[in-house]
Amino acid sequence: MDQGMAAWSKRERNRRTPGEVDGGVTTHGEVTMKSIVRPSRHGVRVANLVATCDQIRREMAGQADPDGLLERIRRSVERVEAILRRHPEGASAMAGPSRRAYQWLRFLAGRSNLETHLAALDLAAVAVEQVWPGSVRPGRARPLVPTRIALDFYHIEVLYRSRRTPEGVIIVASQGFVAAPAEVVKALVWAAHGPGRRAGKGSLEWRRGIHDYAVGPEFRRVMRELEAGAGLPGPDTRGQVYDLEEVFRRVNREHFGGILERPTLTWNKVVTRRKLGHYHPATDTLMLSRSLDDSRVPALVIDFVMYHELLHKHLGVDRSNGRTVAHSAAFRREERRFPGYAEAEAWCRRRP
Ligand SMILES: [Zn+2]
């Protein structure tokens, strides 16, 4: 341990609130060696991990020193890995928010990734200023400082989202956009929180720019690097009745001649009855609803839903007049080639 780190640890010790509960969320958010992995309904979560990311994001919003940040990020990653070594059962069943927090920290633990990230935050501030002139305070250019609007990048499941806070509007864009050019960043600000974004001629253009970037190579590269996270096994594919891995292999072999590469397979954590499956092209993730993991659901039906989602992967997205058409006539034609289509379709429509 070098001098700086020893001093840091001492400071941290002094900052710790007296009587703090192990693994409790502290105000400054820190994964400590005492953090516990705690089973929750959606998997195992590492206490304080998400709070640590929130804290680091806030620090980056100010003019934080990159070397200090890098050290802090690397130390957090080491701590999480030490915890996971002691709780191997936790690593294989990590809940989504903990998993994404860990993967995000690991990504930023690379110096060039951190530099790209900080540069992207500066670019985001410029974009905000262009869309909403006067909303960025001079001298405190980076997002998340209490300005009217801010744009930040994080490992989220959607392309972008925005929310109102007492500090203003915070737009969070997928980490996949971290190396995006200025026009795309500006489009994100506009699409998430631009004046007149719901109507207007421009909005289609903005959205198209975002979409095109999100299916492009650079976005995918970042997402793959994030997901590659340190030998952490992927999401658990085994359900109570069905194993997505097996279903994928069978459907790929029987209906696609085995040519499809395996997407990330996951059960949708929120049990949806209306929507049985979803394929997300930007992250190459295929989700099936947990409601299908039931002995009353025939194998034909789960194969059919898997087939439908894999067709999205196989055929890609169709465009007409700038709108994305997921279920084109060609898609429907291919879908009907599934043997037992009528029966499976009828079951999906009638399902309890
Ligand atoms: Zn579909």
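**Exercise 1. Work out the handedness of the crossing of helix 3 and helix 6, and describe how the two helices meet.**

Solution. Step 1: helix 3 and helix 6 cross in a right-handed way; a crossing is right-handed if the near helix is turned clockwise from the far one by less than a right angle, and left-handed if anticlockwise. This is a predicted model, where local features need pLDDT of at least 70, side-chain atom pairs count only at pLDDT 80 or more, and totals for chains, interfaces and linings use all residues. Residues are numbered from 1 along each chain as its sequence is written. Helices (H or I, at least four residues) and strands (E, at least two) are DSSP runs, numbered from the N terminus.

Step 1: the axes of helix 3 (residues 66-86) and helix 6 (residues 111-131) come within 11 Å and cross at roughly 125 degrees. Axes are lines fitted to C-alpha atoms, for helices over the stretch in contact, and angles run from 0 to 180 degrees between N-to-C directions.

Step 2: P66, L69 and L70 of helix 3 meet R111, L114, E115 and L118 of helix 6; residues are in contact if their C-beta atoms, placed from the backbone, lie within 7 Å. These contact residues comprise five nonpolar, no polar and two charged. Ala, Val, Leu, Ile, Met, Phe, Trp, Tyr, Cys and Pro count as nonpolar, Asp, Glu, Lys and Arg as charged, and the others, Gly among them, as polar.

**Exercise 2. Find the angle at which helix 6 and helix 7 pack, and the residues that make the contact.**

Solution. Step 1: the angle is about 55 degrees, and the axes of helix 6 and helix 7 are 9 Å apart.

Step 1: the crossing of helix 6 and helix 7 is right-handed. From helix 6, L123, A124, A127, V128, Q130 and V131 take part, and from helix 7, A182, V185, K186, V189 and W190.

Step 2: sorted by class, the contact of helix 6 with helix 7 has nine nonpolar, one polar and one charged residues.

Conventions: Two residues are in contact if their C-beta atoms, placed from the backbone, lie within 7 Å.
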